[in-house]
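Hello,

Here is the structure I promised to pass on to you. My notes on what turned up in it follow just below.

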Amino acid sequence: MRSGVLALASMLALALPAAARPVPEAIGVFGAEEAAEEILLRGTTDLVLFEPVLDAFLATAPQLRIRYEQWASDDLYDAAAAACRGEFPSADLLISSSIDQHVKLVNDGCARPYRSAATAALPPEANWRDEVFGVTSEPAVMVYNRDLVPDALAPRSRFDLLDLLRPADTRFAGRVATYDIEASGLGYLFAFADSQQATTFGSLIEAFGRTGAVATCCSAEIIDAVASGEFLIAYNVLGSYALARAAEDSRIGVVAPEEYTLVLARGAMIPRQAQHPEAAGALIDFLLSEPGREALVDAHLILDVAALLPDADDSLLRPIPLSPVLLVGLDQQKRAGFLALWRETFPRE
Amino acid sequence: MRNTEPAAARTTSLATRLGVALVLLLALGGAAVAIAALAYGRSAARQTFDRLLVGAADQIAASIALRDGTVVVDLPASAFDLLALAPDDRIVYSVVAPDGAVVTGYDIAAPPNDLAELYDGAFTGEPARFAVARRRFAERDFAGTVDVVVGQTTRARAELAGQITRNALVVVLGAGLLMSALAVFAVRSALSPLRRIERVFAARSPRDLTPLGVPVPREISGLVGTLNRFMGRIDRQVETMRTLIADASHQIRTPIAALRAQADAAADETDPERQRAIVARIHERSINLGRLTDQLLNHAMIIHRADTEALDRLDLRTVAIRATEETDHDFGASETVLRLDLPEDPVWCDGDALSLVEACKNLVANAFRHGVPPVTIAVGEEADCVHVAVRDRGPGVPEEHWSDAQVRYRRQTGVSSTSAGLGLAIVHAVARAHRGDLRFRRPVQGGFEAAVVLPSVGGAR
């Protein structure tokens with residue numbers, strides 16, 4: 001159904017100076033050429049992952065066409081903040097995994113409220129002010145290479161991971177990876193949520209620093225490196241990408257930490273300056289509806305955490321709530337302090 | 001029958017009046033409570049959320065530290081957890097160094113003055129409430145005040161205030177409905193005796209004028225008492241009318257028949273001398289018939305007056321004097337020896353002067369007709385009653401007839417050519433109408449005395 005041309009713009013983005021206007025990583029246009037209305041959707045989700053979901057939506061709304069721009073999370077935030085100030089063309093809908101940045105946009109008055117039966121039915125942690133809604137359910141997981149790390153040895157919890165890193169001559173030294181939180185908004189969100197959740201995080205950072213763990217960019221790259229055996233274990237990887245790859249690649253093993261598992265719900269919000277807010281609202285309603293949820297399950301964007309954590313009860317799942325508390329992590333000084341701590345652990349090469 | 005009655009004059013129904021009063025009361029009360037509740041709700045919501053705001057500002061202020069002469073803030077998540085208790089409100093915060101530079105947070109307008117701890121403002125188009133916490137530093141390398149300003153939009157406040165107001169109004173509404181139901185019930189039960197009276201009246205025969213025996217509450221007993229007195233008066237008047245008609249038919253028929261017989265005789269008489277004699281008798285009889293008719297009508301009029309006229313405060317001595325004067329006028333002073341026996345002081349009673357004078361005259365006339373002169377009218381006062389008495393030297397009514405004299409002497413001795421014999425009946429009726437009585441006695445000095453005894457009113461006012 002895709003009618004547009006997939007444009008890989010990330011090369012272009014790298015070529016531009018940092019101060020230049022943010023640009024998307026990829027663009028796709030979906031829907032019939034003759035559709036009456038085109039909505040602009042900006043998201044952090046990989047285009048290929050999201051395409052079937054959009055196709056399912058367009059099957060129910062043939063009068064619509066969707067232009068999907070895939071952005072890096074920080075760029076997406078910069079673009080939305082600029083649009084909010086009227087300095088950049090606004091999207092009609094933003095769907096981002098960096099929900100802290102979404103919360104900040106809402107807090108700064110950049111969102112337009114949307115109310116429907118579906119949004120009213122959302123639990124409070126998945127709906128803030130009727131302006132940002134949690135539409136997916138994705139745990140933060142650990143990924144390991146099943147060839148090099150037998151399932152019996154694979155860590156089931158953060159404590160297991162600490163134990164694996166403890167011996168002085170551990171073979172995991174330098175072969176454990178996690179997101180570079182300076183480069184990845186999602187990585188920052190997970191790391192900050194970890195730091196708020198438990199004291200284990202301090203030990204983990206210390207162990208990462210001691211064993212020379214690697215902080216690098218982007219889910220796809222990290223999982224590729226685990227599959228290839230460059231890394232043995234990746235920590236705090238977004239479950240959606242991990243499971244999508246694990247389904248195709250038997251070398252990838254996925255574990256949800258037993259003591260607690262962070263669960264992220266991607267945030268959807270309609271910017272204040274949206275040109276087509278009703279159509280954007282229809283898409284939100286679709287994502288929250290039964291067929292929409294099925295499409296998201298198929299796209300591994302809604303994960304059955306119980307399948308990963310057979311013994312878990314709900315208290316071990318820690319959904320990251322859409323609440324103004326997320327603003328704390330975005331505070332300039334707080335962020336600077338947290339990044340400084342991080343930088344001590346993962347010195348730049 | 002009911003349909004042919006003229007519609008009773010009506011005023012607004014009690015239920016409508018009560019309803020209007022209740023609606024007014026509830027509307028005014030409801031408005032007052034709503035205003036009070038809104039004010040209270042606002043102030044309660046303001047106080048509640050102001051505390052959170054101040055708490056959050058204090059927590060942030062406590063997290064400020066100095067490192068190498070610069071201000072460092074380790075923003076506590078707990079402060080934001082506190083603020084998130086107003087779940088739908090946006091948060092703005094700012095930590096400002098003494099030189100006015102923003103250390104961290106939003107670049108927002110400074111507090112309106114240095115003293116305000118809480119103030120109202122706006123945040124990106126929405127009304128907001130702000131709290132200020134100040135942290136003073138006096139270190140070697142840093143001295144001055146760091147301001148922490150925390151603001152929050154006011155959705156939760158408005159919602160709490162609205163909720164308090166709504167709850168109050170629901171209570172008021174409930175109380176209003178309950179009061180209305182109670183009022184309806186109260187009106188119905190209060191009016192039920194009236195309905196009972198209505199039913200009793202509806203079931204009565206039109207001739208039944210006996211008092212109502214329906215038990216009624218104190219508030220309505222006055223009405224029922226008045227009704228019963230009213231019916232009693234009608235009953236007496238009906239009785240009077242019946243008596244009058246009976247008396248008239250009985251007493252006038254005979255003289256009229258005699259008159260007609262004599263007129264027939266006169267018509268048939270051929271001898272002019274005898275015819276003239278018959279005509280003279282007819283003349284005499286017709287005069288007597290006129291007097292009799294007067295007396296009958298008088299009787300009716302007196303009884304009617306006694307029942308209907310209001311009683312005035314009067315001096316019984318004037319009654320005696322007027323009776324004397326009118327008797328002299330009727331009989332001619334030469335024929336009579338009428339004496340007055342009056343005390344020095346006024347003798348007060350409540351009565352209708354005309355009826356009493358007429359009664360007195362009747363007693364005097366009886367005394368002249370049946371007794372032995374001299375006749376005396378005496379006025380006197382006893383412990384709790386007053387009397388006007390007529391005495392003569394004759395034997396009077398036999399003692400065995402005293403108890404029923406007023407009835408006996410109406411029928412038995414009443415029919416004569418000159419008197420209807422109604423004297424004692426009139427006197428008795430007048431005395432009863434004045435809540436008094438007709439009393440006979442034999443004075444120590446001999447003779448006979450008939451007295452109208454009335455209740456005393458205890459001296460002149």
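Among the contacts in chain A between residues at least 6 apart in sequence, 78% join residues at least 24 apart, where contact means that the C-beta atoms of two residues, placed from the backbone, lie within 7 Å. In chain B, residues 24 or more positions apart account for 66% of the contacts with a separation of 6 or more.

A word on the source: this is a predicted model, in which local features need pLDDT of at least 70 and side-chain atom pairs count only at pLDDT 80 or more, while totals for chains, interfaces and linings use all residues. Residues are numbered from 1 along each chain as its sequence is written, and chains are lettered from A and ligands numbered from 1 in the order in which they are written.

Now the two chains. Chain A has 15 helices and 16 strands, and chain B has nine helices and 14 strands; these are DSSP runs numbered from the N terminus, helices being H or I with at least four residues and strands E with at least two. Of the 349 residues in chain A, 48% are buried, whereas buried residues make up 26% of the 461 residues of chain B. Here a residue is buried if 20 or more other C-beta atoms lie within 10 Å of its own, exposed if 12 or fewer, and partly exposed in between, with C-beta atoms placed from the backbone.

Next, some helices of chain A. The buried residues of H2(A) are A:Leu47, A:Phe50, A:Val53, A:Leu54, A:Phe57 and A:Leu58. What covers them includes strands S2 (26-31), S3 (37-43) and S4 (64-70) and helices H11 (277-288) and H12 (290-298) of chain A.

Helix H7 (residues 185-197) of chain A, with 13 residues, reaches 18 Å from its first C-alpha to its last, close to the 18 Å expected at 1.5 Å a residue. Ten of the 13 residues of H7(A) are buried, so this helix is largely enclosed by the rest of the structure. Among those buried residues are A:Tyr188, A:Phe190, A:Phe192 and A:Asp194.

In chain A, helix H6 (residues 158-165) and helix H8 (residues 200-211) pack at an angle of about 30°, with their axes 10 Å apart. That makes H6(A) roughly parallel to H8(A). Axes are lines fitted to C-alpha atoms, for helices over the stretch in contact, and angles run from 0 to 180 degrees between N-to-C directions; under 35 degrees counts as roughly parallel, over 145 as roughly antiparallel, 65 to 115 as roughly perpendicular and the rest as oblique. From H6(A), A:Arg158, A:Leu162 and A:Leu165 meet A:Thr200, A:Ser203, A:Leu204, A:Ala207 and A:Thr211 in H8(A).

In chain B, the axes of helix H1 (residues 14-62) and helix H3 (residues 155-203) come within 8 Å and cross at roughly 160°. That makes H1(B) roughly antiparallel to H3(B). The residues of this contact divide into 24 nonpolar, seven polar and three charged, where Ala, Val, Leu, Ile, Met, Phe, Trp, Tyr, Cys and Pro count as nonpolar, Asp, Glu, Lys and Arg as charged, and the others, Gly among them, as polar.

Where the chains meet, the contact takes 18 residues from chain B and 16 residues from chain A. On the chain B side, H2(B) supplies the largest share, four residues.

A:Asp130 has a positive phi of about 60° although it is not a glycine, and A:Asp130 is in the loop between strands S7 (127-128) and S8 (132-134) of chain A. Phi is also positive, near 60°, in A:His300, which is found in the loop between H12 and helix H13 (305-308) of chain A. With 20 C-beta neighbours inside 10 Å, A:His300 counts as buried, while A:Asp130, with 17, counts as partly exposed. A:Arg156 is in contact with A:Val255 and A:Glu258, leaving aside neighbours within four places in sequence.

Best wishes

Key:
Expected span 1.5 Å × (residues − 1).
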